[in-house]
Amino acid sequence: MPYREKTAWLSLVAMALAFVPYFAIVVAQSHSSPSSPSLRQLGLFAIAAVVQMAILGIGHLYLTHGSPAEARIPPDERDVAIMRRSISLAYYVLITGMILVGCVMPFNSGGWTIVNAALLMIVLAEVVHYGVVVVSYRRQL
């Protein structure tokens, strides 16, 4: 498995382990949470972000230590094409989400609902980005 595919898998796993529980808790508490700024909600997000960064940091150290020469290889034409395609598709997801969050949701939602919707769209865009990388390397594109 190429190093860049390993890092894409690592990023997908880190996001899943950090944000699936975050959004599960947010959905479970959506009926009881206040719409005004909440330190509990902010603390929950901080925990999710720290968990993601810890998994990514430890994972990158492990992957780099396991194959330091492969980690230093510059991207070739295939790697650049895969990254370009994955970033392009993720951009469309992100822009669609931000239009929804910024232009539609303010008329019928507020507070943490908008914040969490924006965060969800950012996470979905990253999932698309790394998912396309993984699929592209699996299909040898």
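Predicted model: local features only at pLDDT ≥ 70, side-chain atom pairs only at ≥ 80, totals over all residues.

I take the bend at a residue as the angle between axes fitted to the seven residues ending there and the seven starting there. Residues are numbered from 1 along each chain as its sequence is written, and side-chain values use heavy atoms, with hydrogens and water left out.

Helix H1. I read helices as DSSP runs of H or I with at least four residues, numbered from the N terminus. H1 bends by about 25° at Phe19, and Pro21 follows within four residues. I checked its length too: at 1.5 Å times one less than the number of residues, the 26 residues of H1 should span 38 Å, and the end C-alpha atoms lie 37 Å apart, which agrees.

Core. I looked for buried (under 20% relative accessible area, 1.4 Å probe, protein chains only) Ala, Val, Leu, Ile, Met, Phe, Trp, Tyr and Cys residues joined through side-chain atoms within 4.5 Å. The largest such core has 16 residues, and Phe19 and Leu119 are among those that touch the most other members. H1 (3-28), H2 (39-66) and H5 (112-138) each give two or more residues, and H1 gives the largest share, 8 residues. Leaving aside neighbours within four places in sequence, Leu119 is in contact (heavy atoms within 4.5 Å) with Phe19, Tyr22, Phe23 and Phe45.

Ser86. This residue of H4 (77-104) is buried at 0% relative accessible area, and its side chain reaches the backbone oxygen of Met83 at 3.0 Å.

Technical notes. Buried < 20%, exposed > 50% of the residue type's maximum accessible area, 1.4 Å probe, protein only. Polar contact = N/O pair within 3.5 Å; in protein donor to acceptor, adjacent residues only side chain to side chain.
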